[in-house]
Amino acid sequence: QVSLVESGGGSVQAGGSLRLSCTASRATYNTDCMAWFRQAPGKEREGVAAIYTGDGSTYYDDSVKGRFTISQEDAKKTVYLQMNSLKPEDTAMYHCAAVYCPYGLSTMAPGRKDEWSYWGQGIQVTVSS
């Protein structure tokens, strides 16, 4: 079992930046792949970005490409989401996720929430216009 804890959320004006952090209770094969999802009120949880800690390969949803960057530290234990040029439509609860993925992101659909096994409680990001 792995527990995930997010930090770094908050409120910012449009065009601003925030950096989210996700720390796993321990680095194991269950944190081979880690990701960020978000869920706005009344909407489905959607994948934002993912990383395969084995080789650093990444996935981004089209809505955040060029604005968000996912990165890792401490080999499978900490993942960051740097969010720049934030828009009001980025407002949501952001959740960290992890899963055992021996073959990396290319063998899964990283944007689908049912691909992921472990979830954090989430942290709020609010972007005002």
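## Aromatic pairs

Three aromatic pairs turn up when the whole structure, a predicted model, is searched. In one of them, the ring centres of Y29 and Y100 lie 5.1 Å apart with the planes at 75°, so this pair is edge-to-face; the angle qualifies because edge-to-face applies to planes over 60 degrees apart. The two tyrosines come from distant parts of the chain, 71 residues apart: Y29 belongs to the loop between β3 and β4, and Y100 to the loop between β9 and β10 (118-119). Y29 has a relative accessibility of 52% and therefore counts as exposed, the cut-off being over 50%. Y100, with a relative accessible area of 45%, is partly exposed.

A further edge-to-face pair is made by F37 and W119, with 5.0 Å from centre to centre and 70° between the planes. Here too distant parts of the chain are linked: F37 sits in strand β4 and W119 in strand β10, 82 residues apart. F37 is buried at a relative accessible area of 0%, while W119 is partly exposed at 27% relative accessibility. Together with W116, F37 and W119 form one aromatic cluster.

## Arginines over rings

W119 also has a charged residue over its ring: R45 lies over the face of W119, 4.8 Å from the ring centre.

Strand β4 (residues 33-39), which holds F37, pairs with β5 in the antiparallel sense over six bridges. C33 has Y52 of β5 as its bridge partner. The hairpin of β4 and β5 has six residues between the strands, and G42 in this hairpin takes a positive phi near 80°.

Strand β5 (residues 46-52) is mostly covered, with six of its seven residues buried. On to strand β6 (residues 58-60), β5 pairs in the antiparallel sense over three bridges. In this pairing A50 stands opposite Y59 of β6. The hairpin of β5 and β6 has five residues between the strands, and its turn contains G56, with a positive phi of about 80°.

## Nonpolar cores

The largest nonpolar core comprises 29 residues, and L4, W36, L81, M83 and Y94 have the most contacts inside it. At least two residues of this core come from each of β3 (18-24), β4, β5, β7 (68-73), β8 (78-83), β9 (92-99) and β11 (123-128). For M83, the contacts beyond neighbours within four places in sequence are G16, S17, L18, L20, R67, F68, Y94 and V125.

A second, separate core has 11 residues, including C33, F37, V99 and L105.

## Loop residues

T28 is found in the loop between β3 and β4, the loop that also holds Y29. T28 is buried, with a relative accessible area of 11%. Its side chain reaches the backbone nitrogen of N30 at 2.9 Å.

S85 occupies the loop between β8 and β9. Although S85 is not a glycine, its phi is positive, at about 50°. S85 is partly exposed, with a relative accessible area of 41%.

G122 lies in the loop between β10 and β11 and counts as partly exposed at 22% relative accessibility. Apart from neighbours within four places in sequence, G122 is in contact with E6, M93, Y94 and H95. Among these, Y94 is one of the residues with the most contacts inside the largest core. G122 and Q39 are 83 residues apart in sequence, with a C-alpha to C-alpha distance of 9.3 Å.

Note on methods:
Residues numbered from 1 in each chain as written. Heavy atoms only, no water. Buried < 20%, exposed > 50% of the residue type's maximum accessible area, 1.4 Å probe, protein only. Helix = DSSP H or I, 4+ residues; strand = E, 2+ residues; numbered from the N terminus. Pairing = 2+ DSSP bridges. Core = buried A, V, L, I, M, F, W, Y, C linked by side-chain atoms within 4.5 Å. Contact = heavy atoms within 4.5 Å. Phe/Tyr/Trp six-rings, centres within 6.5 Å; stacked < 30°, edge-to-face > 60°. Lys NZ or Arg CZ within 6 Å of the ring centre and 35° of its normal. Polar contact = N/O pair within 3.5 Å; in protein donor to acceptor, adjacent residues only side chain to side chain.
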